[in-house]
Amino acid sequence: MGTVPQEISASDKAKFANVVLSKNTEILDEVVVVGYGTQSSKLVTTSISKVKLDDIDQANDYNPIKMLQGRVPGVNISNSSGTPGATPNIQVRGVGSINGGSKPLYVVDGIPAESYPNINPSDIESIEVLKDASAAAIYGSRANSGVVIITTKSGKSGMTKIDVSGRIGFGKLAKDIEMANAIEYANAMQAAIDNYNVQMGQNVQFYMPSVIEETDWMKMITRETTETATGSISISGGNDATNFYASFGANRQEGFIETSAFKQYNLRTKISHKINRIFKLNINLAGAASEYNQVEESSTSLKVLRTAREVQPWYGAYDADGSYKKNGVEIVRHNPLMLINEEKWTLKKYHLSGVFNLEITPFEGFKWTPQASLYTILDNTTKKLTERHDARKNNSGWGAVSEQKDQSFRYVIDNVFTYNNSADRLIYSVMAGHSFERYTYNKFGARSDNYANDAYPSSSFDLINLSTNIFPGDISYTGYSLESYFGRVALNWDNRYIVNASLRCDGSSRFSKGSRYGYFPSVSFAWRATEEAFFPKDAIVNDAKLRLSWGKTGSMAGVGNFAALSLIGAGGASYNESAGFLISQDARSLTWEKANQYNIGVDVEFFNQRMSFTGDVFLQRTTDLLYSKPVNSTTGYTSISSNIGTLENRGVELALTGKILTGDFKWTLSGNISFVKNKLVKLIDGSDIILMGAANDKVGGNMHALIIGQPLSTYYMLRMDGIYQRDDEVPAKLYAKGVRAGDVRYYDYNGDGDISEADRMNVGKASPDWYGGITSTCSWRGFDLNIFGQFSYGGKIMAGWRGVGSEGTEHMGSSFSSIKVHDATEQVVQFYNISKAAATTYWRGEGTSNTMPRMIYGNGVHQGYTNGNGYNGQTSTRFLEDGSYFKIKSVTLGYTLPGDLLRKLSIDNLRVYMTVDNLLCFTKYSGYDPEASYTADPSSTGYGSDFGLQPIMRTFIWGLNLTF
């Protein structure tokens, strides 16, 4: 296989004794994993992108999915934050669901998982992304959002090889959010009081402490330089009977916040042994141990960096007796230094997996592969508030000592049968299989409160049962089963016409018996035009393939594991809108989310394979969208899971690679760009719009809406049209509510002369219009230079850190607290701090600003605007920014030592390199990073919002790769 046939006469003994078959490059090509099998890339009929991690610059990433960013057309990957160990947001061909989830299915060496895999990237041979439904349909009910197949390395016959790699990096803040100093803060807040007194006819006095302690709270709790370190070692080899691969990897990463950090250790062992002609045994064992040193930043309200930005800059962290300044006594927020020093919060995760299969080949062309896969994750979260924490004895809900143990276990039993044969010029293969999967998830936690400070029993014992007040944590059990039958037929006529067809049937325990099974077919066709006799053999085009495909995939992610059962529980709103016992929703009316996708693609190679082009056009329509639809509380529920409508994604993907120079100096340039449009086609109940999310003022209330004809990520809010410059510009109704010159001018959508919820409108979307990446690789006499850039255009981002909701750095006098101070006999009003931009550019009179409103003490100035920051802080485009950007993500300069020198040292290869990661970002966005999004869930209120969490650092790296 993979060679050119030769015919030699039996009488020609000289030639017969020295037959060497030459390679047929048309057949023997790169192999692509397609799900329960492999195919030659030349014969692939669907849209699949393959990345070999050894061929790309890994920069500062230990996360393999992050390494795909900007390198795979149709795959949009963004980093949610620079929090150590944070996982990226990933979407394949746009947002494909609301509640049903938009994360792809991950398959690691045959083990399917919806969660993110913790893998040493040095162990990965390749990553294939199945993008169109025809490629992904073989995974059926979990493939609506694409499939990411990760194949790890295996040993090869030959001499034993040892690979060693390591790197160390030092990070610096790439972009800062500057806060007002004490003088700027004092001047701005005095202006807020003065404006209030003038408008309200009051004589409020602004309190200033007698002693000013200029404090930069951000610098106090953050690192000036962060450190990262990564190391990996592997050993591999084998012979004709047995191959082996074993590896160990370690990664350490410090966060921007002083106490935040992440560590991960990986082990992997793979053994393949050919028992005899019929039987071959494969064993793949892997383990990962991770430790996250966490800080308060996951809550919508309590975030360390947000707190540090908002505490007044004229107080220090400590009182005269050395104790922490406390929330409500001089400072308006929890002491940020206390939050990081006196909260010991650790998450330890342990991943264990095992794959055992036997390849049984009783006769040529036929193979039966029974396989058992096991995968378990244990999470152990411990949190302690020390005696110096001001919340531990005052609030029973905090949990002075708490522990949570969560364990998931998954096993999969597969039986796959394949048969390959040929007849004349027809090559065909048939695959059929059965799979059974069982998943369980147990959660158990407890916490204890109200330890007496400095008295026995002390929480320093770290024992929950020493307290007199013990409470349950999160205690629950869930699980599901999935049984599947699947098959595929592949036909190849003379390497010209290729047809693939597949069918999968999934039965899920999440659905009731009447709708438990779903069927997911696909068919695809490819025509290799260059194999036709009429195609010129000396043409500029060396290889050309046209692909056509259709497939159906599904999703059950939005359905609860026990949704098919009617359960009795407490809660609801069925007793005069009060809680009581209720019967949970019966899921018999629910069905799978189903996506039909059509794809047309071309793959072309030019100029003796020096240039290659791939293009795809796709249309995906998802029906029976799952969503927690708001309903009248008299029904006994506030929301009900429903199949509500239809969603459409359409797009174009283009990728081009060219070997510009191929001599002593080599230069390869590659790039890709993707255009994706997403819109809601219909809602089944006839509605034109549904507001999304809860009205939580910490995240700005309802920022998104489901609107017919618009993207799922549509922002639905007030539109800011500038600042009123004179009082006579203010409409009468608004003037009566206290709006004056210097306040925000909102667009009056309904034209009634007032500003209310009825004036919200479509003002943009979180998802980009287009995105992609570009890579330049040069090499010359052992030196190599890699420059990688990544871009995104058209998406908008809600800068929540600036002031969406009741807090933020641009509240302009509307966020304040009444607190106690040591040098006053009664409580005084103190304002949260604001940004330097707000403190120095706010409106001071006609023509001074059309973007930053006036400073005004927000104590009842504006009537009828109680949500969040009052009138000027309404959820609006004031905080909505352009999220477009172009990044030079990494620049790497490497040098590989000459082979003659290395052979004397018994070394096969030695490369040293230097990298700058996150080098430059060209953007209009004012925050840390335009990639940031609080959540990747399009049904969440915080989707597309940036709360200014830990930023991604600009990191300088030194590393080496050694093989011997």
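Me: Which two strands pair over 6 bridges in the antiparallel sense?
Reply: Strand β8 (residues 124-130) and strand β9 (residues 147-152) do. Two strands pair if DSSP finds at least two bridges between them; strands are DSSP runs of E with at least two residues, helices are runs of H or I with at least four, and both are numbered from the N terminus. Keep in mind that this is a predicted model, where local features need pLDDT of at least 70, side-chain atom pairs count only at pLDDT 80 or more, and totals for chains, interfaces and linings use all residues. Residues are numbered from 1 along each chain as its sequence is written, and side-chain values use heavy atoms, with hydrogens and water left out.

Me: What is the bridge partner of Glu128 in β9?
Reply: Ile149.

Me: What is the strand order in the open sheet of 5 strands?
Reply: Read it as β3-β8-β9-β6-β7, with mixed pairing. The edges are β3 (48-51) and β7 (111-113); each has a single partner strand, so one side of each lacks a neighbour in the sheet. On average, neighbouring strands here are turned by 20 degrees against each other, direction ignored. For that, axes are lines fitted to C-alpha atoms (for helices, over the stretch in contact), and angles between N-to-C directions run from 0 to 180 degrees.

Me: And how do I read the open sheet of 3 strands?
Reply: General idea: side chains in a regular strand alternate between the two faces of the sheet. The order here is β43-β40-β46, again with mixed pairing. At the edges, β43 (880-882) and β46 (945-946) each pair on one side only. Strand β40 (residues 796-799) meets β43 in the antiparallel sense over 3 bridges: Lys796 is opposite Asp882, and Ile797 is opposite Glu881. With β46, β40 runs parallel, joined by 2 bridges; Ala799 has Asp946 as its bridge partner there.

Me: How many salt bridges does a search of the whole structure find?
Reply: Side chains of opposite charge can pair when their charged atoms come close. The cut-off is a side-chain nitrogen of Lys or Arg within 4 Å of a carboxyl oxygen of Asp or Glu. The search finds 57. One of them joins Lys383 and Glu296, at 2.7 Å from N to O. Lys383 sits in strand β16 (residues 366-385) and Glu296 in the loop between β14 (279-293) and α5 (304-310), so the pair ties together parts 87 residues apart in sequence.
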